[in-house]
Amino acid sequence: MTVDTPLTCYICGETDDWTTVDLIGCFEDRQAAGERFEEKHGKKPESYLFVWPECKEENPHHAENCYEKYGRVE
């Protein structure tokens, strides 16, 4: 599946001009990640969820926990 859309960072909750053509790096379990995102940030994600490289660098353990819990398209 390919998309051309802004992506939302699971950790910081921001949506930016990140785009993807094949969903690599996005969470596999989008429903569970989206539900937890809404609890955490008080809003529904605006697009597919993934972890921005800057957020992964600042919070490596949080990022890895997210990938373990929700999976990651590779």
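This is a predicted model: local features need pLDDT of at least 70, side-chain atom pairs count only at pLDDT 80 or more; totals for chains, interfaces and linings use all residues.
Partly exposed here means a relative accessible area between the buried limit of 20% and the exposed limit of 50%.

View 1. C55, by contrast, is buried, at 8% relative accessibility. How far is the sulfur of C12 from the closest cysteine sulfur? That closest sulfur sits in C9, 3.8 Å away, which is too far for a bond. For C55 the nearest cysteine sulfur is also that of C9, at 3.6 Å, and C55 is in no disulfide. A disulfide would need the two sulfurs within 2.5 Å, and the count by this rule comes to 0.

View 2. T15 belongs to β2, which covers residues 15-16. T15 is partly exposed, with a relative accessible area of 27%. Its side chain makes a polar contact of 2.7 Å with the side chain of T8. Beyond neighbours within four places in sequence, T15 is also in contact with P6, L7, E46, S47 and W52, among others. L49 lies 34 residues away in sequence, yet the C-alpha atoms of T15 and L49 are 9.2 Å apart.

**View 3. Y10 in the largest nonpolar core.** This core has 19 residues, and Y10, F27 and V51 touch the most other members. At least two core residues come from each of β1 (7-9), α1 (30-41), β3 (49-50) and α3 (60-70). The biggest share is from α3, with 4 residues. Setting aside residues up to four places away in sequence, Y10 touches F27, A33, F37, L49, F50, C66 and Y70, among others.

Terms used. Residues are numbered from 1 along each chain as its sequence is written. Side-chain values use heavy atoms; hydrogens and water are left out. A nonpolar core is a set of buried Ala, Val, Leu, Ile, Met, Phe, Trp, Tyr and Cys residues joined through side-chain atoms within 4.5 Å. Buried means under 20% relative accessible area, exposed over 50%, partly exposed in between (1.4 Å probe, protein chains only). Contact means heavy atoms within 4.5 Å. A polar contact is a pair of N or O atoms within 3.5 Å; within protein, one must be able to donate a hydrogen and the other to accept it, and residues adjacent in sequence count only if both atoms are side-chain atoms.
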